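Thanks, everyone, for making the time.

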Amino acid sequence: MDQVNDRKVDSFVGDFTDYKAKLIFVSRTFSFPQAMAAYKYKDYYKYGFSSIEDESTKNILLILPKPNKMGVIIFKEVYPAISRKDNVESIGELFQILEAEKKLILPKISSPKTFDEICSRSVDLPCVIFVFDSKDEYRSTRLLIQTGELQFKRNLQFSFLYRDAQFEFIESFFPHTL
């Protein structure tokens, strides 16, 4: 858990090399429900904490005015676009927020669990999996999706794999062609 203040917020939310959304808890102190949520969704978020009593978080508190209970700010790849919720009442409400916001625009398939979540038959959107050889390919494709330049006639769920890291998985779809 990173302590996030006005000096650190840009570097905290602007780095997507870990392929995770960034979440900042805003409250007086870090609490047990926040710790439970951080553990449950550790594969999807990088977590930070800002205390409403810390003088060095004035700009963060402009985004989310001092909550009475707990506030949550979520940054996805389209920085500075955010999701925010102030005065989260319960751990159930916190889990609902994190569940709804956990997927990035271009999530990485890093395990069978993430593959099932993104590309299972129960998902309403068809799944497109890009296979990249480099982080430059990832960044340029993500930018095309963010800006809307990669348009299709119907909505699609995008995801990606790195060829060298997940070769055996990719080969299972295309035997003898790679």
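Predicted model: local features only at pLDDT ≥ 70, side-chain atom pairs only at ≥ 80, totals over all residues.

Let me begin with Thr 57, which is buried, at a relative accessible area of 0%, where buried means under 20% relative accessible area, exposed means over 50% and partly exposed lies in between, with a 1.4 Å probe and protein chains only. Residues are numbered from 1 along each chain as its sequence is written, and side-chain values use heavy atoms, with hydrogens and water left out.

Thr 57 is found in the loop between E3 and helix H3 (58-63); helices (H or I, at least four residues) and strands (E, at least two) are DSSP runs, numbered from the N terminus. The side chain of Thr 57 reaches the backbone oxygen of Asp 54 at 2.8 Å. If we leave aside residues up to four places away in sequence, Thr 57 touches Val 4, Asn 5, Asp 6, Ser 50 and Ser 51, contact meaning heavy atoms within 4.5 Å.

Thr 141 is found in helix H6 and is buried, with a relative accessible area of 11%. A polar atom of the Thr 141 side chain lies 2.9 Å from the backbone oxygen of Glu 137, and, again not counting residues up to four places away in sequence, Thr 141 touches Leu 106, Phe 130 and Phe 132.

Now the overall picture. The protein has seven helices and seven strands, and buried residues make up 37% of its 178 residues. Of the contacts with a separation of 6 or more, 63% are accounted for by residues 24 or more positions apart.

Which residues touch the most other members of the largest nonpolar core? Of its 20 residues, these are Leu 23, Phe 25, Tyr 45, Tyr 47, Ile 74, Leu 94 and Leu 98, a nonpolar core being a set of buried Ala, Val, Leu, Ile, Met, Phe, Trp, Tyr and Cys residues joined through side-chain atoms within 4.5 Å. The elements that give two or more residues to this core are E2, helix H2 (32-40), strand E3 (45-51), strand E4 (70-75) and helix H4 (91-101), and H4 gives the most, with four residues. Apart from this core lies another, of 11 residues, among them Phe 12, Ile 60, Leu 61 and Ile 73.

Staying with H4, its buried residues are Glu 93, Leu 94, Phe 95, Ile 97 and Leu 98, and what covers them includes E2, H2, E3, E4 and strand E5 (82-88).

Finally, the rings. Rings of Phe, Tyr and Trp (its six-membered ring) pair if their centres lie within 6.5 Å, with planes under 30 degrees apart counted as stacked, over 60 as edge-to-face and the rest as tilted. By this rule the count comes to 16 aromatic pairs. One of them joins Tyr 19 and Tyr 138 edge-to-face, at 5.0 Å centre to centre and 85° between the planes. This pair links distant parts of the chain, 119 residues apart, with Tyr 19 in the loop between helix H1 (9-14) and strand E2 (21-27) and Tyr 138 in helix H6 (residues 135-147). Tyr 19 is buried at 14% relative accessible area, and Tyr 138 is buried at 3%.

How values were computed: Polar contact = N/O pair within 3.5 Å; in protein donor to acceptor, adjacent residues only side chain to side chain.
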